[in-house]
Amino acid sequence: MVSTEPTNNKNDQVESMEVEEDETAKKLRLEKEEATSLANDLKRNCSLLERAVDTIESRFTTRVLRTLPSIRRRLTAPVLAQVIQEQYGADERKNSLLQVLGEASHVDTDMDQDKKTDILPEIDIYLHLNVIIFLLDKNQLAKGKELVDATVDRLVPLNRRTLDLLAARVYFYHARFYEVTDTLAAIRPMQLAAYRTATLRHDDETQATLLNLLLRNYFLHNLYDQADKLLSKSTFPENAGHNQAARYAYYLGRIKALQLDYTSAHTYLTQAIRKAPQNNVTAGFQQTVYKFFIVVQLLMGEIPERSLFRQPVLKKALIPYLHITQAVRVGDLNKFQQGLAEFGEVFKKDKTYTLILRLRHNVIKTGIRMISLSYSKISLRDICIKLHLDSEEDVQFIVAKAIRDGVIDATLDHHQGYMKSKEIVDIYSTNEPQGAFHQRISFCLNLHNDAVKAMRFPLNAHRKELATAEAAREREKELVQEIAEGGDMDEDGDMDFYE
């Protein structure tokens, strides 16, 4: 009897080799499909840009820019080089992009002759933008900086409305390269000149982007006075996108908070929170805005809701601010000082340290308010012990200021050294409910006005309505005539048309 074991072993080896080859082939096939898909997406976006130029419709450019995040994750140098060669054809401007990508230019005279030599500026800037993003992700900052400078120089003389959205993105990444290389102050004059040009051209998106970039430039270098002067001399365009509007409201809120205008700061920061996209992609922006929002709310004498600190996106980032909020809520000056010492570096990094230092007076005021609600009469010495203050004289001045500011409703006896609280007044007998109701109504009306402004209407829709109305009138005339004829037939007794 012949043994079949060696034969089986050979078959298993062959099958295992086939499996390995199949896995390798599958991997290569997936990579090839990914490259083909990326190239098709880039070509489709170029076609959409051509359509945007032909129809002068910005919505096609918006569709192209919405695909940037998904394309950005898949960008590769060979695919970019392939699309660039196909789009530019015989145009020599492609050589600079191919050189930056490290890809050689493949000469194909037949294809270059068939391909048109004049490439649209929109497609040219879009391909430059993709290369710029690719270099930024690959951390090739020197090459990217040179390319983005050349791209901005190419943008300046072009005055085309179909380029507005693309120009805004280019200016954003231009500032990003200089910020990463810590040379942001060098481009400030250029940004001011570009902002002036965008304003004269009524380029809303570029104008809003550059205004926010300038404010960020000033804030990073602690030039708050210059930022305030820029805000006083400029106007934010109403037709700008929600992302830029959210950033602008955030910077306005920070300026107003530094100027002690906490009510306006609270309003602007609330607008920034509501206009920002509510997803994990904008987690960093949400955390930054909420940090200032919480501090401003505490400075206004209000306590943030507990649920705010439990949100998954904010929970970890707001731990230091939860500690400060708890100290302010109970009026514990010792706990406030401990939190300031423990998280001081975090607050300095977040640029909220100077605002949090102002909270010391709020902590003391909160403590005095709680004491006035708990005691109808209490000595200044007991207040000093409870609030851990230095002397009774300091307590006397602090209580007098709290009474004058309307924090507490009490009287102070300087000779005998005690504070006597008055009876609690019903809040509904004051104007406070009316003010809160007015604030809510104003918010609803502003929301309605913004919604009406954001509505889009198709072009020449009124002509279609007119044509429809004319057709309706014609049908009405025909119906009247048919009814008249039908009446005559009824009189003749002919009812066959009902069957």
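Asp137 has a relative accessible area of 40% and so counts as partly exposed; the classes are buried under 20%, exposed over 50% and partly exposed in between, with a 1.4 Å probe and protein chains only. The model is predicted, so local features need pLDDT of at least 70 and side-chain atom pairs count only at pLDDT 80 or more, while totals for chains, interfaces and linings use all residues. Residues are numbered from 1 along each chain as its sequence is written, and side-chain values use heavy atoms, with hydrogens and water left out.

The side chain of Asp137 meets that of Arg72 in a salt bridge, at 2.8 Å from N to O. A salt bridge here is a side-chain nitrogen of Lys or Arg within 4 Å of a carboxyl oxygen of Asp or Glu. The pair links distant parts of the chain: Arg72 is in helix α3 (residues 68–72) and Asp137 in helix α7 (residues 121–137), 65 residues apart. Helices are DSSP runs of H or I with at least four residues, strands are runs of E with at least two, and both are numbered from the N terminus. Arg72 is partly exposed as well, with a relative accessible area of 30%.

Helix α7 also contains Ile133. With a relative accessible area of 1%, Ile133 is buried. Its C-alpha atom is separated by 8.3 Å from that of Gly144, 11 residues apart along the chain.

The structure holds 12 salt bridges. Another of these joins Asp164 and Arg161, whose side chains meet at 2.9 Å from N to O. Asp164 is buried at a relative accessible area of 11%, whereas Arg161 is partly exposed at 39%. Salt bridges that share partners also build a network, made of Glu34, Asp41, Arg44 and Arg74. Within this network, the side chains of Asp41 and Arg44 meet in a salt bridge of 2.5 Å, N to O. Both residues lie in helix α1 (residues 5–55), three residues apart, which is about one turn of the helix. Asp41 is buried, with a relative accessible area of 13%, and Arg44 is partly exposed at 47%.

Aromatic contacts come next. A pair of aromatic rings is described by the distance of the centres and the angle of the planes. Rings of Phe, Tyr and Trp (its six-membered ring) pair if their centres lie within 6.5 Å; planes under 30 degrees apart count as stacked, over 60 as edge-to-face and the rest as tilted. The structure holds 10 aromatic pairs. In one of them, the ring centres of Phe219 and Tyr251 are 5.3 Å apart and the planes stand at 45°, so the pair is tilted. Phe219 lies in helix α11 (residues 204–220) and Tyr251 in helix α13 (residues 242–258), so the pair ties together parts that are 32 residues apart in sequence. Phe219 is buried at 3% relative accessibility, and Tyr251 is buried with a relative accessible area of 6%.

A further pair is formed by Tyr321 and Phe347: the ring centres are 5.1 Å apart and the planes are at 65°, so the pair is edge-to-face. Here too distant parts of the chain are linked, with Tyr321 in helix α16 and Phe347 in helix α18 (residues 344–349), 26 residues apart. Tyr321 is buried at 2% relative accessibility, and Phe347 is buried at 0%. Phe219 and Tyr251 also belong to one aromatic cluster, together with Tyr224, Tyr250, Phe285 and Phe292.

Helix α16 (residues 319–330) also holds Arg329, which is partly exposed at a relative accessible area of 48%. Arg329 contributes to a positive surface patch with Arg306, Arg310 and Lys315. Patches are made of residues with over 30% relative accessible area and no salt bridge; like charges are joined within 9 Å, and nonpolar side chains (Val, Leu, Ile, Met, Phe, Trp, Tyr) within 5 Å. Lys and Arg count as positive and Asp and Glu as negative, with His and the chain ends not counted. The place of a charge is taken as NZ of Lys, CZ of Arg, CG of Asp or CD of Glu.

A nonpolar surface patch of about 310 Å² is made by Phe437, Ile441 and Leu445. Accessible areas come from the Shrake-Rupley method with a 1.4 Å probe, and for residues only the protein chains shown count as cover. Phe437 is found in helix α23 (residues 432–454) and counts as exposed at 55% relative accessibility.
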